[in-house]
Amino acid sequence: MAVTDAPRIVTARLDHADSHTLERYLATGGYDGLRKALGMTPAAVVAEVDAASLLGRGGAGFPAGRKWSMLKKDPVTYLVVNGDESEPATFKDHLLIERDPHQILEGVIISAYALQVTQAFIYLRGEFALGLERMEEALNDAYRHGAVGEDIFGSGFSLDIVVHPGAGAYICGEETALLESLEGKRGFPRIKPPFFPAVIGLYGQPTVVNNVETMANIPWIVTNGGAAFAALGEGRSTGTRLFALAGHVRNPGPYEVEMVKTTFRDLIYAPSLGGGVREDRELKAFVPGGVSAPWFGPKQLDLPLGQDEVGAAGSMLGSGSVVVMDETTCAVRASWRITKFFFRESCGQCTPCREGSGWLERIMYRIEHGGGREEDLDLLMDVCDNISPGVNWPPQQTTICVLGPSIPPSIAAAISMFRDEFLVHIKDGGCPFD
Amino acid sequence: MTDQASQPTAHPDTDDAVTFTLDGRPATARPGELLISAAERAGVYIPRFCYHPRMEPVGMCRMCLVEVSGPRGATLQPACFIPAEAGSEVVTNSDKVKKAQDGVLEFLLVNHPLDCPVCDKGGECPLQDQTLAYGPGESRFVEEKRHFEKPIPISDLVLLDRERCIQCARCTRFAEEIAGEAQIDFAGRGELVEVATFPTEPFSSYFSGNTVQICPVGALTATPYRFTARPWDLDQVESTCTTCALGCRVAVQSSANRLTRLLGLDSEPVNHGWLCDKGRFSFEAVNGDEVSAGPALGNGQPVTLGSGRPRGQFAGEVAETASQVGRITEPMVRDGDRHVRVSWSEALSEAASRLSAVREAHGPGSIAFIGGGRLTNEGAYAWTKLAKAVIGTDSVDAQLGDGLPAELVLSLPRATIDEACSAPVVVLLSGDVREELPVLFLRLRRAALDKKISLIELSLRSTSLTRYAEVSLTLRPGDSPAVARALVGPNASVPTHPAGGSFALEDLERARALIAGAGHGPDGTGVVVLYGRPSFAEDGAVTAAAVATLATAWPGARFLPLLRRGNVHGALDMGMAPGVLPGRSSLEHGHAWFSDHWGSAPDARGRDTTEALRSVVEGGPGATRALVLLGADPLEDFPDRVLATRALEAAEVVIAVAGHPGPALDHADVVLPVAVSHERPGTTTNIEGRVTRLGQKLVPPGLAWPDWTIASVLSDELGYDLAIGAVTDIAEEIERVAPAYRGFAPAFLDQVSGHDGLVVPLGAAPVHTVEPIDPMATPGVESVERQGAPPRVGLTEGLSRELLAALHPDDGGEGAPPLLRRTAPTAVSIPPPDHYSLRLVSTRRLYDHGAGVVASPSLAALTPPLSALANPSDLARLGIGPGDRVRVSSPRGELTLVAEGDSGVPKGVLVIEFNVSDPDQPADNAVASLIDASAVVNEVRLESL
Amino acid sequence: MSHFTTTNATRARQLIALYPEPRSALLPLCHLAQEQDGWLRPEAMAEIAELVGVTAAEVRGTATFYDMLHTEPIGRYLVSVCTNIACILDGATELLAHAEERLGVRVGATTADGLFTLEESECLADCDHPPCVQVNHRFVRTTTAQKFDELIDELKAGGRAEEIPPHGTLVRIRRNGGLRVEPQRIERERARAASSAGERAG
Ligand SMILES: Cc1cc2nc3c(=O)[nH]c(=O)nc-3n(C[C@H](O)[C@H](O)[C@H](O)COP(=O)(O)O)c2cc1C
Ligand code: SF4
Ligand code: FES
């Protein structure tokens with residue numbers, strides 16, 4: 001089982017117990033990338049990131065270099081870092097925030113310099129109490145070290161960073177909802193157009209929003225060059241990526257692996273990685289990229305971990321979370337629980353998402369708990385269709401943001417892959433796995 | 001507000017029109033115009049819930065999804081949010097669109113209680129209607145619906161049923177975006193998103209009724225209308241609200257000769273569909289149950305309106321006051337110290353013989369007419385003619401000592417409301433616009449927020465517009481002429497600090513800089529001055545002097561008078577002020593013309609209200625001896641209680657034309673019941689000179705007559721035929737003889753648009769091309785129309801040739817007098833401040849103790865308690881703590897009140913609101929007993945008790 | 001009179017000063033109020049409204065959107081049990097049932113002694129330690145019923161004070177000073193960026 005010998009980029013430091021401290025960071029090459037970047041022109045830094053073909057790690061996979069070059073020229077622009085990580089079974093940003101906050105800060109400072117932004121905000125999920133403490137501590141140290149603040153390392157470039165706590169709402173991970181939340185409002189995603197905060201963002205000013213892991217890659221890219229990053233992986237999916245592996249595997253955990261060169265099978269079964277399905281049970285299905293993604297089954301195990309490869313197979317790498325379900329898993333219960341998540345987290349703006357999520361959840365609950373009717377399966381699919389016409393991937397939508405169309409995939413996958421299981425629930429008036 | 005929303009007057013077929021394809025046919029849109037409105041003009045109605053043409057779109061309900069072609073093929077997009085793009089293809093009727101609409105409606109009904117039979121909105125509910133038109137046949141939802149406690153009162157006037165709410169954000173957007181008071185907001189998340197107030201702060205906005213009007217379901221209901229009628233029982237007429245002088249357009253709805261509801265109509269130049277709650281709900285006063293006035297008035301007891309009203313409770317509990325208040329419905333004459341009911345002919349011949357006797361003994365100048373702001377234009381004209389031609393007195397005054405000199409108001413170059421909301425610089429010198437002309441506040445606030453205007457405010461205390469003003473100068477009574485001189489002075493620096501003004505000199509400098517930057521040179525072009533009477537305790541001559549200074553220095557500026565009361569502007573236009581004659585002509589220049597037409601006109605300038613009342617008291621040869629009260633009560637409305645009381649006691653004859661009881665009626669020898677708003681047809685003229693129709697919806701109660709009928713028959717009694725058989729006769733006569741109304745035939749109002757009216761003199765302001773407004777903007781109007789009530793006055797796009805010709809009349813009026821020209825006002829000398837006293841300011845509150853509020857049970861409890869407000873430093877200096885009881889004394893009288901500190905009150909000033917009473921004292925107008933109406937400013941002393 | 005204590009009022013001002021617009025401090029101030037009072041009292045919301053320039057209804061409306069902000073009193077310890085996908089694959093349903101039984105309250109309720117509020121939470125991003133539990137938003141990485149009981153006993157006995165401070169995620173966060181970059185400098189840099197942008201465009 002080939003697990004490549006690509007370098008660890010964002011997790012290099014994590015073997016040290018004190019990886020979150022400034023001392024350890026400096027001892028392991030920390031802030032060298034920043035010093036190097038400050039010696040380059042901002043445009044040259046953008047060019048390196050562009051050359052790296054760094055795809056955003058927040059879920060949508062948009063190339064960071066392209067996003068940066070879309071930032072509308074304006075005297076007042078902002079950089080906002082998305083550390084709201086709440087997609088179920090995704091826990092990679094959590095790791096980076098708690099264990100290597102300086103790496104994120106360095107990425108932010110370099111990016112701010114590249115974008116010539118003087119104010120940046122790091123929006124961290126409110127439930128990450130320790131992460132918030134570590135990040136604020138690191139920020140205090142970075143200010144003391146001269147890596148942030150006025151006249152950074154004597155370069156003449158100045159930047160202020162504010163760490164902002166969220167307060168518990170998944171939707172605030174959606175970038176426009178995050179901006180609303182950062183403005184002190186409820187996290188209602190903004191209606192599009194404009195499609196990009198790079199045109200109208202925080203306080204109405206052009207804003208780049210990037211994920212925490214995206215930022216964490218920047219120091220390495222600047223230090224080693226965009227080409228070195230692009231040499232890893234294949235096609236558009238370059239570099240390594242941090243996958244959060246959860247569910248019925250022997251070794252659940254975060255794993256940084258080379259893109260494309262690694263497959264789902266490697267991730268789940270390699271002894272140095274997932275170590276295989278627990279108790280050597282059969283793999284029933286897996287979620288390939290966060291619970292918004294359509295499920296895969298054993299047949300897709302050999303798909304490479306590449307954005308376009310997974311996209312072509314009808315799903316997505318999304319948030320980088322892989323959830324493994326073995327044969328003891330009830331597909332109805334799993335998809336009901338995912339539906340319940342979206343129901344609880346819908347912001348409530350759009351009629352189809354607000355009302356549809358609750359309706360679907362109630363039907364799924366009924367089926368799982370023995371009150372299902374055969375016509376419910378068609379009804380489920382039709383309600384899904386009214387939220388996401390066609391119920392295909394990539395989705396169409398009747399809603400403002402893509403939370404709405406994220407509801408149908410698990411239901412549609414469960415019904416199409418395990419229709420019999422639904423029928424058993426209905427016929428027996430209860431869950432056969434109980 | 002988006003540009004799309006505020007530009008309905010531009011024509012779509014301009015050069016930069018956007019061409020796109022709509023359902024396979026070519027269509028055009030204005031640049032940036034939203035698909036939903038471009039489609040609507042092209043005759044394609046896209047269903048909607050959250051979209052409202054007067055607010056920012058939010059794209060939440062998703063009902064308006066249509067297919068729009070784009071780089072990724074045709075996708076579903078909200079038509080309320082997407083502008084029409086050149087070359088794009090838009091499909092509104094495909095299967096995909098229909099499925100999406102079906103789906104959205106089904107989703108909306110998932111948690112909707114479907115309690116239509118007990119819902120006020122039943123029969124006029126967009127959700128109901130659209131479900132029939134676009135929705136699925138039957139529900140596939142078999143689960144338990146979500147439940148909320150229902151309905152909950154969120155204010156005295158509004159109830160909220162959260163189960164019916166469809167989360168369209170119309171009400172919350174209105175509160176935040178239009179009214180600027182987000183006392184309601186969404187709370188919760190997802191399926192539990194609900195509209196909510198803060199637990200301790202009710203939805204006490206002056207504009208709360210608008211949220212009920214625009215709610216697309218029955219989630220928000222208004223207590224006054226709740227369960228009173230069904231749309232199919234209702235009848236409606238288009239009219240104008242005359243609660244204040246802004247002229248908001250309304251649909252007046254009734255059932256069984258009782259008013260049930262007023263809804264705002266969307267008038268582009270005036271109210272944009274909005275109303276204030278006083279205008280919306282004071283119709284209850286018109287319904288006021290008839291009291292047989294005999295006993296109530298006959299025992300010499302003044303009718304103390306509203307005493308013992310419960311305060312601060314929800315309106316349902318105060319219903320019993322309606323019967324205490326009631327209406328005057330029968331003619332009465334005095335018999336000793338009793339009033340007895342008589343027939344109209346007895347009452348009129350009694351009135352005529354009393355007036356004739358005074359006139360014969362003391363000359364026509366001994367008779368004065370007070371009031372007139374509540375009349376129609378036609379009524380005002382008839383009464384002016386009766387006074388000025390038949391009796392021959394010029395002592396007619398529609399402004400009860402709270403206005404400004406008519407000659408000034410009628411002669412300044414006039415701005416329209418639109419101009420006041422779009423001029424580079426707006427100078428505001430008045431009271432609190434939100435309290436006096438509430439919907440104008442909405443428009444000015446938006447204009448300032450949207451940076452369409454720079455607002456410079458000169459006021460006697462901070463107001464609700466202060467936070468939107470770029471510069472706000474707080475003055476003390478008497479300061480405004482000096483500050484006006486400083487504003488227009490030629491030097492960049494102000495020579496001396498204007499007396500007492502409590503603002504920084506830099507602010508004055510900033511104001512001067514803004515004005516200098518307004519545009520086109522030093523002549524004031526680009527400046528609009530809004531001016532009104534900022535305090536009842538300051539002589540109108542003070543404001544007049546300040547305004548005259550601005551007008552002289554800025555020949556290019558335009559002026560909008562903020563007169564407050566009902567149709568007071570129409571009354572002034574009809575000559576109801578000393579020194580003027582109908583149609584904005586002066587007595588001096590119009591004397592010959594009107595003598596010609598009327599047979600006679602007054603020979604000498606008459607007295608205004610203050611002068612007339614003083615004259616009654618002072619007596620002597622030529623003094624005023626008889627008072628005719630035209631729907632006005634000096635004991636309630638006149639700033640100087642002592643003078644008014646003495647005058648009414650001393651008057652030889654008092655004739656009262658009244659719709660509602662009031663303390664002055666005690667002194668009346670003859671009481672003539674008059675029809676009030678909604679009970680008689682006619683026209684009204686708002687502050688910008690816009691003439692609109694007043695619709696008649698009710699038959700007047702009892703024996704009450706329209707205002708003009710009373711004038712006409714009384715004139716007959718006096719031996720003169722006014723030649724009025726119908727309102728239209730008066731309208732024709734006005735058109736013929738009143739210069740500013742030349743060429744204006746009320747029939748135009750049908751032709752141009754029932755909504756917008758026309759500004760006189762014709763040609764002075766642009767005429768809007770009226771476009772049909774989205775019926776969903778005000779669901780209750782269209783539904784009533786649809787269900788059989790006579791349609792509104794037709795909306796005609798474009799103007800007829802005759803009308804256009806008439807709007808630019810070639811001056812056919814040979815010999816007609818010129819419109820009033822501005823003459824120098826009499827100088828006013830301001831006494832220096834007295835350091836032992838505070839200067840009294842008395843401002844208006846929207847909810848006061850006027851008849852419209854007191855006689856409307858839903859509003860009566862909303863009148864705030866009275867207090868004396870002073871700058872905290874003054875209170876501290878006098879050793880008075882907030883909440884202490886204090887004695888306020890003036891040479892006229894004294895009052896005991898609670899003192900409160902208010903840092904918006906300048907130092908050296910005491911504010912006591914006008915016509916708002918202390919709950920512990922009889923419900924009379926407390927501050928009026930302190931004010932000397934003849935003084936330029938009023939000083940008071942304040943001491944702790 | 002301020003509802004915030006003097007120290008917290010100072011912290012509130014510092015938080016507001018971090019943002020270009022005061023309203024941005026709304027969530028941090030709500031956290032601060034919860035740290036002080038244990039929950040978001042109406043008085044606190046009214047004061048926050050004043051501090052950031054919105055209405056009290058807007059503060060309440062905004063706060064109720066967020067799960068971590070409690071406009072009703074909650075226990076001293078907020079016990080959050082995740083039942084999302086990774087955790088139910090590993091016994092979260094059972095753990096939650098056990099927690100209900102152990103604490104004697106249903107999900108959403110507070111124990112009679114005011115110590116514990118039990119919450120069923122969505123994914124807490126600690127899925128490699130299922131089922132995942134937080135107390136006052138500190139991960140305790142409890143997996144078994146037995147460890148859960150030990151935790152509760154310890155908390156009842158006043159233990160773990162160091163690890164689990166009161167509710168409010170800002171408790172241990174102190175930013176050393178406010179913003180460091182002089183506003184004039186920001187203005188200058190922005191002006192420079194603007195003019196160089198102009199040159200590039202021109
Ligand atoms: C419902 C929803 C939730 C999201 N949650 C997150 C999140 O927790 N963290 C994140 O970085 N991006 C999240 N995203 C993606 C962001 O909108 C955005 O694409 C991302 O932050 C951009 O950063 P990147 O380009 O560096 O990936 C979410 C998107 C949606 C629609
Ligand atoms: S799709 Fe759902 S989460 Fe997204 S904006 Fe609409 S209601 Fe909110
Ligand atoms: S989303 Fe367009 S009308 Fe509601």
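This is a predicted model: local features need pLDDT of at least 70, side-chain atom pairs count only at pLDDT 80 or more; totals for chains, interfaces and linings use all residues.
Visitor: Which residues of chain A are closest to ligand 1?
Guide: Gly58(A), Lys67(A), Asn210(A), Asn211(A) and Thr214(A) are the closest, out of 18 residues that surround ligand 1.

Visitor: Which element gives the most to that shell?
Guide: Strand 4 of chain A, residues 207–211, with three residues.

Visitor: How much of ligand 1 does the protein bury?
Guide: The protein buries 90% of the 600 Å² that ligand 1 exposes when taken alone.

Visitor: Now ligand 2. How many charged residues are in its shell?
Guide: There are no charged residues in the shell around ligand 2; it has eight nonpolar and five polar ones.

Visitor: Which come nearest there?
Guide: Of the 13 residues around ligand 2, the nearest are Cys347(A), Cys350(A), Cys353(A), Cys401(A) and Thr399(A).

Visitor: Moving to chain C. What is the strand order in the open sheet?
Guide: The order is 2-1-3-4, four strands with mixed pairing.

Visitor: Why do strands 2 and 4 of chain C each have one side without a neighbour in the sheet?
Guide: Strand 2 (116–121) and strand 4 (138–139) are at the edges of the chain C sheet and each has a single partner strand, so one side of each has no neighbour there.

Visitor: How do strands 3 and 4 of chain C pair?
Guide: In the antiparallel sense, over two bridges, with strand 3 covering residues 133–135. Val135(C) has Arg138(C), in strand 4 of chain C, as its bridge partner.

Visitor: Which helices lie on that sheet?
Guide: Helix 6 of chain C (92–103) lies across strands 1, 2 and 3 of chain C, at about 165 degrees to strand 2. Helix 7 of chain C (145–156) packs on the sheet too, touching strands 1, 2 and 3, and its direction makes about 145 degrees with that of strand 2.

Visitor: What does Glu100(C) touch?
Guide: Glu100(C) is in helix 6 of chain C. Leaving out residues up to four places away in sequence, Glu100(C) touches Val105(C), Arg106(C), Val107(C) and Leu118(C). Its C-alpha is 7.6 Å from that of Leu118(C), 18 residues apart in sequence.

Visitor: And chain B, what is the order of its three-stranded open sheet?
Guide: It runs 11-12-13, with antiparallel pairing. Strand 11 (235–240) and strand 13 (258–264) of chain B are the edge strands. The average twist from one strand to the next is 30 degrees.

Visitor: How many bridges join strands 12 and 13 of chain B?
Guide: Six. Ser254(B) stands opposite Leu259(B) of strand 13.

Visitor: Where are the cis peptide bonds you have noted?
Guide: One joins Trp393(A) and Pro394(A), with omega about -5 degrees. Another runs from Lys150(B) to Pro151(B), with omega near -25 degrees. Pro394(A) is in the loop between helices 15 and 16 of chain A, and Pro151(B) is in the loop between helix 3 and strand 6 of chain B.

Visitor: What is phi of Phe227(B)?
Guide: Near 60 degrees, a positive value in a non-glycine residue. Most residues other than glycine have a negative phi.

Conventions. Residues are numbered from 1 along each chain as its sequence is written. Chains are lettered from A and ligands numbered from 1 in the order in which they are written. Side-chain values use heavy atoms; hydrogens and water are left out. Two strands pair if DSSP finds at least two bridges between them. Contact means heavy atoms within 4.5 Å. Axes are lines fitted to C-alpha atoms, for helices over the stretch in contact, and angles run from 0 to 180 degrees between N-to-C directions. A residue is near a molecule or strand if one of its heavy atoms lies within 4 Å of it. Accessible areas come from the Shrake-Rupley method with a 1.4 Å probe; for residues, only the protein chains shown count as cover. Ala, Val, Leu, Ile, Met, Phe, Trp, Tyr, Cys and Pro count as nonpolar, Asp, Glu, Lys and Arg as charged, and the others, Gly among them, as polar.
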